[in-house]
Every structure is written in structure tokens, then in C-alpha cells.
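Thanks for coming. I will go through a few local features of this structure, and you can follow along on the screen.

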Amino acid sequence: MDRGAEFRRWKAQSLGRADLSRKGDVDEDVADLVRLLNEREPFFTTSSCAGRILLLDGNINGIEVQKKNCCWLLVTHRPCVKDDMIAALKKAKGDAILKFEPFVLHVQCQQLQDAQILAVRSTHGLEVPLSHEGKLMVTEEYIDFLLNIANQKMEENKKRIERFYNCLQHALERETITNSHSKEKINEKNNPYSRKKKRNREKARGKCTTEENDKEENDKELENDDYPGLNVTVFPEDY
């Protein structure tokens, strides 16, 4: 089967499946970005998250808590208030971890050159243990301090999504224009009528250039005859 047709079939199957994420649909802050990619033939998204603040309860394995084997006490894609965090912490029975996870987007690309447009990495996450075996290990003041940091990261995360959307949109539009020009050149090269028109344009341009040169020579002669003492120097705009 043709690779392009196979990719289109794979894309249709993926986008036609039910959303199995905890939320059940695309986050509002990345909806436009997901739509922008899925409307383009060489891309489709497989999963996304606009960024979130989490409180997980489980057992720390090594240096981090495993999300698959823990209880999600709190999750929000918006700034979090301290009262909600304190209420969620009271339910903790193991090792409670406060996390901020930045924007993530998984995209399938038809070609390697398409994947290069989407090379994005974000490193402004946050992960802090708050309790151990159900016992709170920090003060409420420290929790408030951490939430301020997490909320600031959430706001910065939103700005990064907007910047990424604008840059991606510009890159895709530029690529579309470039591809369009390439196709036009190929069509023009293969079209005898276009080649004939091009030769005629070049001949006409050469004729105009000759006439302009003759006119310049005549003008110089007039200047030398009528204005023998006049000398004008013109500076370029960026002088």
C-alpha cells in the first residue's frame, strides 16, 4: 500500500477513537493547537495535556512516585488554591507528592522533515514530597509558597503554549508557500508554453534595458551641455 494512503488510514483510525484520558476530552488551552495540527495532512495528535497541578498519594519508588500505582488526590489545569490542596492532603495515607507537569503534545508525522518542525521540549516542571506515610512533613506556609511557584509555572506554561502555537502556525504557512512555489516552478519547467513566455519576457526586458541605457546617455549629454557646473551627490537612506 502507498505510504501516504497508509498514513491517512492510520490517522483516521486514531482520531476516530474514543478519548481514554482521565479528563475525556482535549484541554481548552491546547484545543486550537490540536486542531491546527489535525487539519494538516502530514500530522495527527495522539495525546496532549495543557499542563496541570497534581497531588499524588502512593509509595515513592526510588526518587519519584509512580503515577500508575498511586491515588490522584487532586488534579487541576488551572491555578490551585491552598484550601483545596490542604483538603486533598488530609486524604493522604502514603507519600503525597505535589507536582506541576508542563504542556506536552504527542504528534505523529508522515515524514522526518515534518517531525523537525515539532521538535519541542519543556523542562519547567516541579515535584515536591509533602507527606510520608500519611503524616504531613511541611508547614501550611511552605505549601502556600509551593503553590505560588506552581501557579506561576502554570501561567508561564500558558504563555509558552501561545508562543508555540504562533510559531508553529507561521512555520506551517511558510512551508505551504514554499511547497506551492516549488510546484509552480516544476509545472513551469515542464510546460513548453511557459518556457516560451519566459523567453519573451526576457527579450522584452532586454529591450527595455537597452532603451533605458540610451536614455541615460542622452540625459548625461544634456546635463553636460546645459548644466556644466552642477554636481549633485545622493546619499542612500542607510548612510
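Cys80 is buried, at 8% relative accessible area; buried means under 20%, exposed over 50% and partly exposed in between, with a 1.4 Å probe and protein chains only. This is a predicted model, in which local features need pLDDT of at least 70, side-chain atom pairs count only at pLDDT 80 or more, and totals for chains, interfaces and linings use all residues. Residues are numbered from 1 along each chain as its sequence is written, and side-chain values use heavy atoms, with hydrogens and water left out.

Cys71 is partly exposed, with a relative accessible area of 39%.

Now helix H1, residues 3–16. Helices (H or I, at least four residues) and strands (E, at least two) are DSSP runs, numbered from the N terminus. Buried in H1 are Gly4, Phe7, Lys11 and Ser14. Seen down the axis of H1, the buried residues fall within an arc of 90 degrees, so they line one face of the helix; the arc is that of the directions from the helix axis to the C-beta atoms. The face turned away from that buried side carries the exposed residues Ala12 and Gly16.

Last, Glu133. Its place is in the loop between strand E9 (131–132) and strand E10 (135–136). Glu133 has a positive phi of about 55 degrees, although it is not a glycine. At 63% relative accessibility, Glu133 counts as exposed.

Notes: The expected span of a helix is 1.5 Å times one less than its number of residues.
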